[in-house]
Amino acid sequence: MRKKDILAITTLAATLTAGAASVQAATLDDVKSRGTLTCGVSTGLAGFSEKDENGKWSGLDVDVCRSVAAAVLGDADAVQYKPLTAKERFTALVSGEVDMLSRNTTWTHTRDTSLGINFAGTNFYDGASFMVMKDLGVSSALELDGANACIQAGTSTELAIADFFRQHGMSYKAVTFDTSDQTRQGFESGRCDFLTSDGSQLAALRVGLSNPANAVILPEVISKEPLGPVVRQGDDQWFNIVKWSLNAMIEAEEQGVTSANVDDKLANGNPANKRLLGGEGELGANLGLESNWAYNIVKQVGNYAESFDRNVGMDSPLKLERGLNASWKNGGIMYSQAMR
Amino acid sequence: MFKQKTIEQTKSAARKSGGNGSAAFYNNPNIRALFYQILLVLGLGYFFYSVISNVLANMEATGIKTGFSFLTASAGYDVLMSLIPFEATDTYGRIFIVGFLNTLLVSGIGIFFATLLGFVFGVAYFSHNWLVRKAATVYVETFRNIPLLLQVFFWYFAVLSTLPGARQSLSLGEAIFLNVRGLYLPKMVGSDLFWVAEVALGVAIAGIFVLRRWAKKRQELTGQPFPVLYASIAMVIGLPLLALIVTGMPFTVEYPALKGFNYFGGITVIPELMALAIALSVYTGSFIAEAVRAGVQSIPHGQTEAARSLGLKEKKIMSLIIVPQAMRVIVPLLNSEYQSLVKNSTLAAAIGYPDLFNVFVGTALNQTGQAIETIFMTIVVYFVVNMVISFLMNRFNNAVALVSR
Amino acid sequence: MKEFEPVPARPAPDKTVGPLAWMKENLFSSLLNSLVTLAVMALLVYYIPPVLDWAFFSANWQGTSEDACVREGACWVFVNAWSYQFFYGTYPVEEIWRINLMLVLLALVILASFTLPKHIRLKASVIAWLVLPLVGIALLDGRLLGLPVVSTDLWGGFTLNVFMAAASIIVAFPFSFLWALGRRSNMPFIRSVSVIFIEFFRGVPVLSLFFMGSVMLPLFFAEGTNVDKLIRVWIVLIFFMSGYMAEVFRGGFAAVPSGQYEAADSIGLSYWQKIMLIILPQVIKVSLPNILATFVMLFKNTTFLLIIGIPEVVQTLQTALSNSYWLGGHALEGYLFVFLVFWSSCFSMSLLARRIERQMNTDKRD
């Protein structure tokens, strides 16, 4: 009886240690043998990674996970989403709990060099700015000396705002909240004079106010917040796959390839289209993937513009402008490395 | 007959086993004990060895920084409330101290009010007034059965955030202001001779102990009780006041005033502190009320009857006969309630009160990525604080136990 | 001589029974009492109608999306649309019978522990309790039973709170018993290790233990092994609970009269026979109310899992609140719902604990 118990427990323990993914071994092989990609996302961030009432994940960050899954496994839905808090995200990545992180993570020097991780590109160029109530009568961030700030805890905004106020010789009090929804409630109750966060989040928080017209977003952008997917150090092949999956979405927009016309472009498009979609050349094979890797991304997830509009742009409740995130052809800085 | 036989058998069996036992060394309890303990030492040693070597290997492989050098690095972010001067350029080490003091502050306030609420409602269980009795039951059964996290949210987001904004503050005589950003109180700022009053306060507090001892002796000798409580209050207020008058009021009062966006000057009690302190007091108070109820119920009814027959008044029966005896049951429970209050104060993270856990395991861990060092330091602090509470309460417990016998 | 003068008859006594008399005695016995009563009544009259109006009369009940909430009152549509996730997390709908079956099993085992015939009750229920978590994992995960695998990141909602609390306390049970024995042991090393263990896990905040589980524990495992987050947190909870329960059992051991130990020794039982057959049943019995209280504490503390991003019910609520199609701010409705669910379950458990306690007290008097 007792021996049997022990046996049962050991089997269970063995099965539950999640396939014992090795950190050093090729992540690509692990993902292929598992049949799913495990992707670290935010526990809930409007427009970037959110769950709907049916439990389905969507968002700009989620689309990066989906595009990697489409490229590697040919199925954008073969993703296991692991909601992670800001604090545990790097540990989870480094320990191998997730294959990649796509969790509105700011690409900073310190993180890139001291945490054992690599940033695989930028899928959203953001910057911290301020939102105030209209009746405060403030039109510039420089008038905010002595004011209270509502900030979400554990974000790089916390450091950016301290720098900004010190630089201008002003003082402030930071009221930090755990989640963005609480930050909004704090702002709305008048606990602080202004709310500071990444521009994309300010838009989402403003939509959530009981009367969005009462609040304005100030023109100053006080920091650079390039957000992008992250992989762990030491697996260059996997690093390349994530980097080029993101590039494929951006490149597809540049070339005008969309999920609607992708079949047509593969058959009748120009050489660049064909090279991207696997009709010609060795791009897939060089990554260790099928030749139709990018075709799958565009077909199942769409190009960057489609993803943007659907999740945070004009087709979503957030209604963000493209701004910096427009393709370089339209005056933005979203730019894919050369796909050849 | 049958019985006889069994006893005989048992005896012989005992003799037999005794003979064998002395021969086989493994039946010697001392050797067995030694064996088990060596086994445990080896097991634990192996466990710690493998954990530590795994940690080192993992850190090496992933390139995570180690060591406590981050404590002297500049933090670069601000803390909402600090009992000691603090700027964003100060070090993580200083943040640690700031957080620690904030934890002590909220725990201290929480323990004080939780005890007060607990004893008031615990005694209210035995009130003759139906409404009061029911109020005690409703209070205990409501707040004891809701997760503390929800209560913290409730006080912060549903109650305190409905206060008026900074420019519409409620005020009391233009000296005390209350708004959604906190409670603003005037502050005494002492000048050169202010230390005399501080010394007087110290003397008054020391005097209370002397007074108590004297009053007890007097009561034992003469049977005359002395109003220790009133005398103590008079001393604590009177002596410093006297000192102030003698030295010619060497202080100025700093009133809070609205400048720009906020009130400045005076003492600010931030709403995060209020919400957390209220939630902790109300939650722990409900458990203490239960403890007090259990303590009072453990006293046999005969004690009350005996006291009545001696002609003691109802109030005196409670304070002189019942509660002192009940303390023997109550104090150990209080001990564990105080400890859980300190531990629960970590929920500050949910509403952004800058306690140790929030500023250190929260922000500092996030900025430095050094999980093991930050969590280890924090755990040690909570552990030590709880040990101190345990030590003090055990001392107190011994005191009440001695009195009762 | 004075003429006889009868004492005038006293008026009939006030009624001492009936609602009026009761009110006079309990609500209006003195001036202060009457004032308190009136004040409470005034408050109720002032506050109850608007609350009822918000919660019921002008609330929004029908619809499936935010747009359906057009009336002034509460938006119960929000709670309704997300109710599946609040209860079950993202567990697949077609596999939901597994969670329901598990809840039924849990209820059955609880029922059995109180209703089985006395001679087999203790043994049968202890075995059932110990097997339950194994069955639970096998069933919910599905791997061992050949069912479709449902990975732990899909588990969530209120049932996760229930299962996490139940699974930790049950698995902690035997360990805590050993720690309690170790604390009573005569062997100095075993005793001090037990004391350190118990005091450590009782002395540190559960939140810091959760953080250990989420960010520190991954570094403890050998390179290349990777234990699921939920399992890591579960391990931490088991340690935490075994520290707490060890103290509960210590109280239980102290309550068993020393004559029981001596009697067991005198009939020649071995140490383990003595503990398992004589002492343990008595310890469990006297500890029952405290075990239940510890469980309620743990159950409430499972909401802290939100801080490390485990999708228990409050975390699910916060995820729902940050969905861009539900940004209207229905926090109040959501929290009210969570509050009601928790309060009703914790309150009924407190009542149960109190009942057991009372029953035990009558046992003692017999």
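Reader: In chain A, what share of the contacts with a separation of 6 or more comes from residues 24 or more positions apart?
Author: It's 71% in chain A. A contact here means two C-beta atoms, placed from the backbone, lying within 7 Å. This is a predicted model, where local features need pLDDT of at least 70, side-chain atom pairs count only at pLDDT 80 or more, and totals for chains, interfaces and linings use all residues. Residues are numbered from 1 along each chain as its sequence is written, while chains are lettered from A and ligands numbered from 1 in the order in which they are written.

Reader: How much of chain A counts as buried?
Author: 57% of its 340 residues. Buried means 20 or more other C-beta atoms within 10 Å of the residue's own, exposed means 12 or fewer, and partly exposed is in between, with C-beta atoms placed from the backbone.

Reader: How many helices and strands in chain A?
Author: 14 helices and 13 strands. Both are DSSP runs numbered from the N terminus: helices are H or I with at least four residues, strands are E with at least two.

Reader: What's the order in its five-strand open sheet?
Author: It goes β10-β9-β11-β8-β12 in chain A, with mixed pairing. Two strands pair if DSSP finds at least two bridges between them. At the edges are β10 (172–177) and β12 (215–221) of chain A, each pairing on one side only. From one strand to the next, the twist averages 30°.

Reader: Which way do β8 and β12 of chain A run?
Author: Antiparallel, with four bridges joining β8(A), residues 128–133, to β12(A). V132(A) sits opposite V216(A) in β12(A). Helix α8(A), residues 199–208, lies across β8, β11 and β12 of chain A, at about 130° to β11(A). For that angle, axes are lines fitted to C-alpha atoms, for helices over the stretch in contact, and angles run from 0 to 180 degrees between N-to-C directions.

Reader: What does UniProt place at residues 100–393 of chain B?
Author: The unreviewed entry places "domain: ABC transmembrane type-1" there. UniProt positions use the numbering used here, feature names are shortened, and annotations may be inferred rather than shown by experiment. Over that stretch chain B is 70% helix and 10% strand, with the end C-alpha atoms 21 Å apart.

Reader: And where do chains B and C touch?
Author: The contact takes 39 residues from chain B and 38 from chain C. On the side of chain C that touches chain B, the largest share, nine residues, comes from α8(C).
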